[in-house]
Amino acid sequence: SSSTVLFAGIAGLLAGAVSMGAGEYVSVASQRDVFAREIALEKSELETKPLEEQRELELIYRAKGLDRETAKRTAETIMADPDVALDTLAREELGLDPDELGSPVKVALSSFVAFAAGAIVPVIPYFFTSVLSETVAFVLSIAFAVVALIAVGGSVGRMSGLGVARSAGRQLLVGG
């Protein structure tokens with residue numbers, strides 16, 4: 001019956017959205033933990049082996065095209081301030097931006113909302129089965145899902161430059 005489909009749709013929406021949100025939370029929190037540890041290790045190395053870290057920084061700048069003397073002066077200037085040195089080493093040596101390690105809560109919430117927004121689309125017609133037959137609700141559910149998949153895929157294709165039709169087709173194929 002349509003009430004069973006509606007209940008199952010909402011249950012699936014909630015289960016999927018919670019699962020996606022929880023997975024994103026754990027993933028980003030774990031990644032932050034690893035990055036924080038790498039930065040802490042770098043800080044420890046800065047405190048215990050400052051000359052070695054300065055040489056590493058010199059080598060990084062030499063690899064970027066600075067001559068030996070300019071790279072040395074730049075590294076010395078950076079190393080004069082421990083906070084700047086740690087920030088620079090995190091960026092240059094580790095490839096991390098300490099200011100942008102990601103928020104597990106924000107990522108989890110956005111994943112939850114995105115999944116729920118997509119999952120509600122095929123369920124919408126079943127909210128109106130008092131005025132729609134179950135067959136019409138079923139057909140509209142499929143139509144809404146197809147339109148949503150094409151719209152999302154086309155939008156991604158336009159933003160990425162991949163091409164609207166190609167991206168919409170891929171989204172429809174995978175989503176379908």
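Helices here are DSSP runs of H or I with at least four residues, strands are runs of E with at least two, and both are numbered from the N terminus. S111 has its place in helix 5, which covers residues 104–120.

Before going on, note that this is a predicted model, where local features need pLDDT of at least 70, side-chain atom pairs count only at pLDDT 80 or more, and totals for chains, interfaces and linings use all residues. Residues are numbered from 1 along each chain as its sequence is written, and side-chain values use heavy atoms, with hydrogens and water left out.

So how does the chain look overall? Its secondary structure is 7 helices and 0 strands, and along the sequence that reads α-α-α-α-α-α-α. The chain is more spread out than a compact globule, because its radius of gyration is 26 Å, well over the 16 Å that the globule rule gives for 176 residues. (That radius is taken over C-alpha atoms, and the rule is 2.2 Å times the number of residues to the power 0.38.)

Here are some values for the chain:

| Item | Value |
|---|---|
| C-alpha trace along the principal axes | about 80 × 30 × 20 Å |
| Buried share of the 176 residues | 27% |

Back to S111: is it buried or exposed? S111 counts as buried because its relative accessibility is 11%; buried means under 20% relative accessible area, exposed over 50%, and partly exposed in between, using a 1.4 Å probe and protein chains only. Leaving aside neighbours within four places in sequence, S111 is in contact with M20, G21 and E24, where contact means heavy atoms within 4.5 Å.
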